[in-house]
Amino acid sequence: MSESVHSNTIAGWREWVNLPGAEVPWIKAKLDTGARTSSLHAFDLEEARRDDQSLVRFGVHPWQNSDEDAVIVELPVHDRRSVRSSSGHTEERIVVLLDVVLMGRTMTAEVTLTNRDEMGFRMLIGREALRQGFIVDSARSFVGGRAPRGIRRRNRGRDSARA
């Protein structure tokens, strides 16, 4: 096993992250060492081929319990995987490579696309991404700081007129 080239950064079990390649500046994520891969709430998945490359176009709802401020993203399909959820249900998911900014550090993560409407978080960051230099302290939250108040209110479904 190779050693990480990163120093370890301590993160809480939930953190605010940025997805620059998806133009999502704020999304609350659960850091889950029990999950191998990361996953992102995605809707209206459409696959296409362009220049002999498989692409997926999908929507992202960055706020919990809300469909406001949806963002449309198009990325190359990196892989397809059979994933077993925490409830034991298995489904085949599309995997994309996505840059994730966590605690000011950018990492590239393999992210599966799925409907996370029923889940508490729109994004889950799994251990494959976290092994790029992060340690999760399960007793802490938002070690990297909180999103601005307007963003937090928007995420809770309040104050939709301001961000």
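Start by selecting Glu128 and Arg131: these two form a salt bridge, with 3.6 Å between the closest N and O atoms. The term salt bridge is used here for a side-chain nitrogen of Lys or Arg within 4 Å of a carboxyl oxygen of Asp or Glu. Glu128 is partly exposed at 32% relative accessible area, while Arg131 is exposed at 53%. Those words have cut-offs: buried is under 20% relative accessible area, exposed is over 50%, and partly exposed is in between (1.4 Å probe, protein chains only).

Before moving on, note that this is a predicted model, in which local features need pLDDT of at least 70 and side-chain atom pairs count only at pLDDT 80 or more, while totals for chains, interfaces and linings use all residues. Residues are numbered from 1 along each chain as its sequence is written, and side-chain values use heavy atoms, leaving out hydrogens and water.

A search of the whole structure finds ten salt bridges. For another one, pick Glu68 and Arg154, whose side chains meet at 3.5 Å, N to O. Glu68 is in the loop between β6 (53–60) and β7 (71–76) and Arg154 is in helix α2, so the pair ties together parts 86 residues apart in sequence. Helices (H or I, at least four residues) and strands (E, at least two) are DSSP runs, numbered from the N terminus. Here Arg154 is buried at 9% relative accessible area, whereas Glu68 is partly exposed at 34%.

Now select Arg80 and Glu92, a salt bridge of 4.0 Å, N to O. Arg80 belongs to strand β8 (residues 79–84) and Glu92 to strand β9 (residues 90–102).

**Aromatic rings**

Next, show the rings: the whole structure has two aromatic pairs. Rings of Phe, Tyr and Trp (its six-membered ring) pair if their centres lie within 6.5 Å; planes under 30 degrees apart count as stacked, over 60 as edge-to-face and the rest as tilted. Trp13 and Phe121 have ring centres 5.8 Å apart and planes at 80 degrees, so this pair is edge-to-face.

Then go to Trp16 and Trp26, an edge-to-face pair with 6.1 Å centre to centre and 85 degrees between the planes. Trp16 is buried at 8% relative accessibility, and Trp26 is partly exposed at 27%.

**Last stop**

Finish with Arg105, whose charged end sits over the ring of Phe134, 4.6 Å from the ring's centre. That wording requires NZ of Lys or CZ of Arg within 6 Å of the ring centre and within 35 degrees of the ring normal.
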